[in-house]
Amino acid sequence: MTSPQTGPAAVICGLGAVLPHRAVPNEELCAELDTTDEWIRTRTGIRERRIADAGVSTEDLAVAAATQALESSGTNDVHAVVLATTTPDHLMPATAPSVAARLGLTGVAAFDVAAVCTGFVYALAAAAGLITTQTARTVLVVGADRMSQLPAADDRTTRPLFADGAGAVVLRSGTATEPGALGPMVLGSDGAHRDLLIVPHGGHMKMQGPNLFRHAVDRMSAVTRQAVQLAGWRLADVDRIVPHQANARITAAVGRHLTIDADRRVQNIEYVGNTGAASIPLALAQASAGGTLRPGHRVCLTAFGAGLTWGATTVTWPDLKPAAHPHHDTAMERT
Ligand code: ACO
């Protein structure tokens with residue numbers, strides 16, 4: 001599905017992210033699972049991941065990241081909250097209204113988006129739609145997940161991959177030509193392959209790794225090409241690709257398909273693992289704070305997840321202010 005941009009555009013004007021304090025290195029998993037640090041590093045690119053304490057909810061992570069993003073944007077005048085998550089705190093209601101209420105935004109539109117690891121890109125598209133239809137002038141978009149709770153305790157294939165975190169952006173109404181304006185969106189799905197990565201009712205995550213790997217590489221490569229083309233760019237024009245951090249080998253394979261070398265690929269999976277819907281905004285926040293992502297860079301955000309789902313969009317990176325105050329909490333920290 002593609003959605004050409006008309007009328008006002010959605011412009012990124014704030015960014016924030018948080019991670020749980022507790023870092024779990026591969027060595028710690030090796031004590032519980034039949035695996036090795038070397039296997040995990042070479043097959044996935046992950047050295048350690050952050051795991052939320054039992055008392056920390058998806059809502060807590062989302063509120064902390066959103067607070068950072070709102071501070072960075074310099075506004076609290078938000079008219080909608082869109083939360084991408086695979087791990088809502090309740091089957092019903094959605095988590096977004098609670099997040100909005102905790103932020104003092106009672107009364108605004110608030111809903112969850114469930115597209116697993118593509119959730120953040122789907123949520124950007126939904127939020128951009130609210131802005132272009134003039135339903136809202138400013139929208140808070142959060143990706144927050146506690147993916148670590150989904151694998152079975154003894155599953156050596158999935159436990160090393162999945163982790164916890166949250167990231168958020170603030171979108172405001174603006175014009176398509178200004179820095180920060182989201183380009184055309186490309187979204188897709190294929191439910192025929194839902195069994196490749198699934199959490200059955202009352203059960204634990206089941207993953208067909210090698211098959212999922214192939215779909216991830218094919219879909220992320222294709223959707224990146226489409227989004228870049230719709231933006232009127234060539235792949236050679238892209239300064240940074242910010243892929244969902246599924247596996248370092250998937251990102252490298254996508255880079256090879258698109259001839260986008262490692263210098264142009266934002267990667268932070270080594271120390272955060274696969275954080276589901278939080279992955280892209282976390283990568284953006286860390287790359288922006290670390291100077292890998294700079295104002296004026298032509299950026300493509302590209303994602304793939306269970307469903308199957310996939311999506312991509314483009315943006316010329318804006319000059320954002322970091323949040324004034326680091327997040328102080330015993331359970332999590334600003335990235
Ligand atoms: N330690 C040691 N051995 C392991 C481990 C482990 N942690 N996990 C699996 N193995 C074993 C398997 O049991 C298998 O053994 P066998 O040959 O005796 O049966 C062997 O390693 C090879 O297993 P494969 O699954 O074929 O290994 P592969 O090289 O494909 O790597 C991996 C597995 C890392 C899961 C890979 O397939 C992958 O990354 N797939 C995509 C996963 C992914 O990205 N998921 C998320 C995407 S979507 C989203 O983000 C929601």
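Modeller: Start with a definition: two strands pair if DSSP finds at least two bridges between them. Helices (H or I, at least four residues) and strands (E, at least two) are DSSP runs, numbered from the N terminus. This is a predicted model, where local features need pLDDT of at least 70, side-chain atom pairs count only at pLDDT 80 or more, and totals for chains, interfaces and linings use all residues. Residues are numbered from 1 along each chain as its sequence is written, and side-chain values use heavy atoms, with hydrogens and water left out.

Colleague: Which residue stands opposite P20 in β15?

Modeller: Strands of a sheet pair through backbone hydrogen bonds, either parallel or antiparallel. Here M332 stands opposite P20. Three bridges join β2 (residues 9-20) to β15, and the two run antiparallel.

Colleague: What is the order of the strands in the open sheet?

Modeller: The order is β6-β5-β7-β8-β2-β15, six strands with mixed pairing. β6 (109-113) and β15 (332-334) are the edge strands, each pairing on one side only.

Colleague: Which strands does helix α9 touch in the sheet?

Modeller: Contact means heavy atoms within 4.5 Å. Axes are lines fitted to C-alpha atoms, for helices over the stretch in contact, and angles run from 0 to 180 degrees between N-to-C directions. Helix α9 (residues 279-290) touches β2 and β8, at about 90° to β2.

Colleague: Which residues of α9 are buried?

Modeller: Buried means under 20% relative accessible area, exposed over 50%, partly exposed in between (1.4 Å probe, protein chains only). The buried residues of α9 include I280, L282 and L284. Among the partners of its buried residues are α5 (119-132) and β12 (240-243). Just after α9, G291 takes a positive phi of about 85°.
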